[in-house]
Amino acid sequence: MEQTQAKRIVLGITGGIAAYKAAELARLLIKQGVEVQVAMTGAAGHFITATTMQALSGKPVLMNQWDDSSNGMAHINLSRAADAIVIAPATADFIAKLAHGLADDLLSALCLARNCPLLVAPAMNRQMWENAATQRNIAQLIADGVTILGPASGAQACGEEGMGRMVEAEELAAEIVAFLQSNKSLNGGSLSLALSPGERGQIQRMDGVKILITAGPTYEAIDAVRGITNRSSGKMGYAVAQAALELGAEVTLISGPTALNKPHGARGVDVTSAAEMFAAVKQQVAACDIFIGVAAVADYRVAQTSEQKIKRGDSNMTLELAPNPDILAYVASLKNPPFCVGFAAESENLREHAKAKRKAKKIPLLAANLAQQAIGADDNELILFDDAGEHVLPRSDKLSQARELLQHLAQLYRQGNKR
Ligand code: PMT
């Protein structure tokens with residue numbers, strides 16, 4: 001059994017307009033069980049106040065090397081207690097300082113004196129990002145073993161459009177958590193994020209296990225512009241992918257149309273229709289150890305789609321629907337199937353229907369949820385059904401549900417309970 005401890009980061013904020021996103025980043029990390037110590041440059045204080053960051057992190061914000069109580073040794077002490085330093089946002093100027101080993105303020109001195117990983121989320125105007133000097137500096141940081149998160153492309157505060165935006169807080173938080181989870185050797189820590197003290201006892205890792213996941217809805221075209229779909233957001237499937245990555249699994253995520261960014265480290269395959277999802281699964285399934293069907297796959301498609309937009313008429317119109325292949329049932333019935341996990345979204349008689357579904361699809365593990373409460377929502381309540389009976393996961397956010405599901409799955413998988 002591995003002893004675990006909460007993860008700690010130093011969140012370094014430098015002076016750019018994206019500094020306002022650091023507040024949300026701190027909030028999201030703390031929500032996931034990360035201890036956040038904020039250190040800001042003087043320039044950052046022009047964009048966001050230390051009071052805001054102190055209120056969110058619950059700790060005094062460090063800005064000046066000389067005004068703390070550690071005999072001017074904050075630049076040493078802070079990194080010794082941290083599992084990682086995250087600079088978000090990192091301006092072009094600060095990146096240049098890092099690349100050249102300058103240490104003329106608390107944050108840069110702290111980075112130079114660190115004995116823990118450094119993650120940097122650049123944020124700047126697109127021309128500054130494209131400038132050869134910045135690109136040289138980034139290449140140097142990568143060569144020095146620094147992890148670069150982003151930047152993203154899009155509209156910029158200056159009114160221009162292009163590469164250089166800081167990655168959104170939600171995505172950054174997910175990447176940082178995944179990084180911390182996978183760096184289990186650091187400071188002797190292990191997986192403890194967002195787990196209650198009781199849950200921190202033993203984490204089942206899944207290093208190198210190949211997991212294929214379907215997520216999101218499918219879209220079945222009627223004509224050139226119309227189609228049939230459902231309200232699945234992909235949140236549950238993406239959370240399952242994130243939880244699997246945190247445990248060290250190699251994840252392929254086949255996703256229907258969603259507005260979500262794929263978790264960092266997942267191999268993504270984008271599909272639209274059930275037929276495309278089926279084809280992608282068939283292509284990937286031989287290489288996987290575990291298949292998890294979280295997607296809300298349309299059971300029917302339009303038998304005859306129109307390439308042109310169908311014109312409006314005054315009489316009734318009938319759409320003929322043809323059944324789609326059952327992807328999960330196909331995978332489970334392969335000669336040498338992976339360990340199969342199904343989901344069931346039911347609007348009534350949840351337990352009864354879920355048990356029947358597990359039996360009909362001949363799968364070892366099925367996670368059932370009430371469709372009207374789960375679909376599109378941020379949280380969920382899964383009931384897991386396996387040969388031993390049922391296991392209720394009390395309502396929580398989807399990532400926490402996914403982590404618990406993965407622990408249950410890892411245990412069954414390890415026990416060799418493969419069918
Ligand atoms: O995406 P979110 O907004 O986060 O919502 C999450 C969710 C409610 C969609 C998810 O938690 C969930 O329940 N997914 C399964 C939804 C579903 O289609 O259930 P089902 O009972 O119709 O299908 C049972 C299982 O067979 C599922 O694993 C499904 O992926 C699979 N299936 C279904 C039909 C089909 N043609 N092929 C399949 O593989």
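This is a predicted model: local features need pLDDT of at least 70, side-chain atom pairs count only at pLDDT 80 or more; totals for chains, interfaces and linings use all residues.
The C-alpha centres of domain 1 and domain 2 lie 35 Å apart. The contact between the two takes nine residues from domain 1 and seven residues from domain 2. As for the bounds, the domain assignment puts domain 1 at 7-186, and domain 2 at 200-302 together with 314-414.

Now the chain as a whole. There are 14 helices and 21 strands in it. Its radius of gyration is 24 Å, close to the 22 Å that the globule rule gives for 419 residues, so the chain is as compact as a globular protein of that length. Along the principal axes, the C-alpha atoms fill a box of roughly 75 × 55 × 35 Å. Of the 419 residues, 51% count as buried. The accessible surface comes to about 19400 Å², and carbon and sulfur atoms hold 50% of that. If we take the contacts with a separation of 6 or more, 67% of them are between residues 24 or more positions apart.

Five strands form an open sheet, in the order 2-1-3-4-5, with parallel pairing. Which strands are at the edges? They are strand 2, residues 35-40, and strand 5, residues 147-148, each of which pairs on one side only. Further in, strand 1, residues 8-13, and strand 3, residues 84-90, are parallel and share four bridges. If you want a place to look on screen, find L11, which stands opposite V86 in strand 3.

On to strand 13, which covers residues 290-293. In a regular strand, side chains alternate between the two faces of the sheet. Here I290 and I292 point one way, while F291 and G293 point the other way. Are these residues buried or exposed? All of them are buried. Strand 13 has parallel partners that I can name. One is strand 8, residues 210-215, joined to strand 13 by four bridges; within that pairing, I211 has I290 as its bridge partner. Another is strand 16, residues 339-346, also parallel to strand 13 and joined to it by four bridges. There, I292 stands opposite V341.

Then helix 9, residues 235-246. How far apart are its end C-alpha atoms? They are 16 Å apart, which agrees with the 16 Å that twelve residues should span at 1.5 Å a residue. Eleven of the twelve residues are buried, so helix 9 is largely enclosed by the rest of the structure. The buried ones include M236, Y238, V240 and L245, and also Q242 and E246. After the helix comes G248, which has a positive phi, near 95°.

Last, a single residue, P325. Where is it? P325 sits in the loop between strand 15, residues 321-323, and helix 11, residues 327-332. Its relative accessibility is 30%, so P325 counts as partly exposed. Setting aside neighbours within four places in sequence, P325 is in contact with F278 and R301. By way of contrast, take P325 and L107: they are 218 residues apart in sequence, and their C-alpha atoms are 56 Å apart in space.

That is the tour.

Notes. Residues are numbered from 1 along each chain as its sequence is written. Side-chain values use heavy atoms; hydrogens and water are left out. Buried means under 20% relative accessible area, exposed over 50%, partly exposed in between (1.4 Å probe, protein chains only). Helices (H or I, at least four residues) and strands (E, at least two) are DSSP runs, numbered from the N terminus. Two strands pair if DSSP finds at least two bridges between them. The expected span of a helix is 1.5 Å times one less than its number of residues. The radius of gyration is taken over C-alpha atoms; the globule rule is 2.2 Å times the number of residues to the power 0.38. Contact means heavy atoms within 4.5 Å. Accessible areas come from the Shrake-Rupley method with a 1.4 Å probe; for residues, only the protein chains shown count as cover. Domain bounds come from an automatic or database domain assignment.
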